[in-house]
Amino acid sequence: MSGARVFCITTPLLLRSSSSTFFFPKISTRPVFRLSPVAMSTTTTTSKSQEELDSIRKQKRVVRSTVRKSLKAMDPSLRTQQDDAIQKTVLEAPWFKSCRGLCAYISCKSLNEVDTSKILSEILQRPDSSTMAKKKLYVPWVEDKNSNMRMLHISHMEDLIANSMNILEPAPVDAQGNEREDVLQAEEPIDLFILPGLAFDRCGRRLGRGGGYYDTFLKRYQNRAKEKDWRYPLMVALSYSPQILEDVSIPVTPNDVPIDALVSPSGVFPITPRAIEIM
């Protein structure tokens, strides 16, 4: 099983799409933060002082605040254009068409997440299309407020219901009263994670919204894959342009899981050696 390792490229980065290769656009962020070296640390939690961890949390709050403002200020028509471009790129990508099992998030408009409705609909409505392999889809179900989340199998969009926060998620049992399959109990591996996030940097660091749900789940799946001797799935995040921070290194702790690649309105941005090879 191969875990995702961040391969930080310091020379100009290339974006790849199905028809072209082009330079990753420089996205200006105001104000530009110069984060302290502690933000780049990848040492274990036990070696970090509480003061250092508090500093990282504080830096994360600053970045979250700035990116949230940028997302809130996005023109609705521009947001729609970027949603369409990102989903089109994913649906046309060979690494998406060839995957047999995947976990994907269900986008929430109030959280300003990149839309995934077309991706999910394509998987569920046309599973036997000649242009893509049959796929098994797992989507998030929040178990509690302690960062515990499960990924449950669904077969139809009608399997989703709104929770107390008006976010769509699967009911733990289906219409026949049967428990939905949990990806952590599945006997077959998945090939792909399609992940949300609030901000990303050039080296694959991902900043979530602070709940820790995805990082906690990804660690659990990593353990499952190791136990079963499965190859770790490709982790691809979807991002609007303002979410990609060119001049900022996102502060991380050992609990933060990096991504393999980004899909932005400009195309696919592979980060790790594995993603560069596949994409």
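Q: Is Q82 buried or exposed?
A: This is a predicted model. Q82 sits in helix α2, which spans residues 76–92. A residue counts as buried when its relative accessible area is under 20%. Q82 has 7% relative accessibility, so Q82 is buried.

Q: Which residues does Q82 touch, not counting residues up to four places away in sequence?
A: Contact here means heavy atoms within 4.5 Å. With residues up to four places away in sequence set aside, the partners of Q82 are M74, Y240, S241, P242 and P265.

Q: What is the nearest side chain of opposite charge to R64, and how far away is it?
A: R64 belongs to helix α1, residues 50–72. R64 is buried and has no salt bridge. A salt bridge needs a side-chain nitrogen of Lys or Arg within 4 Å of a carboxyl oxygen of Asp or Glu. The nearest side chain of opposite charge is D256, at 6.7 Å.

Q: Which backbone oxygen does the side chain of R64 reach?
A: Not counting residues up to four places away in sequence, R64 touches L198, L207, G208, R209 and G210. A polar contact pairs N or O atoms within 3.5 Å. At 2.8 Å, the side chain of R64 reaches the backbone oxygen of G208.

Q: Which residues of strand β3 are buried on each side?
A: Strand β3 runs over residues 101–104. In a regular strand, side chains alternate between the two faces of the sheet. Both faces of β3 are covered. The buried residues are G101 and C103 on one side, and L102 and A104 on the other.

Q: Which residue in β8 is the bridge partner of A104?
A: Strand β8 spans residues 192–195. β3 and β8 run parallel and are joined by three bridges. A104 is one of the buried residues of β3. In β8, A104 has as its bridge partner I194.

Q: Among contacts between residues at least 6 apart in sequence, what percentage join residues at least 24 apart?
A: The chain has six helices and 14 strands. Of its 279 residues, 48% count as buried. Among contacts between residues at least 6 apart in sequence, the share joining residues at least 24 apart is 72%.

Terms used:
Residues numbered from 1 in each chain as written. Predicted model: local features only at pLDDT ≥ 70, side-chain atom pairs only at ≥ 80, totals over all residues. Heavy atoms only, no water. Helix = DSSP H or I, 4+ residues; strand = E, 2+ residues; numbered from the N terminus. Buried < 20%, exposed > 50% of the residue type's maximum accessible area, 1.4 Å probe, protein only. Lys, Arg positive; Asp, Glu negative; His and termini not counted. Polar contact = N/O pair within 3.5 Å; in protein donor to acceptor, adjacent residues only side chain to side chain. Pairing = 2+ DSSP bridges.
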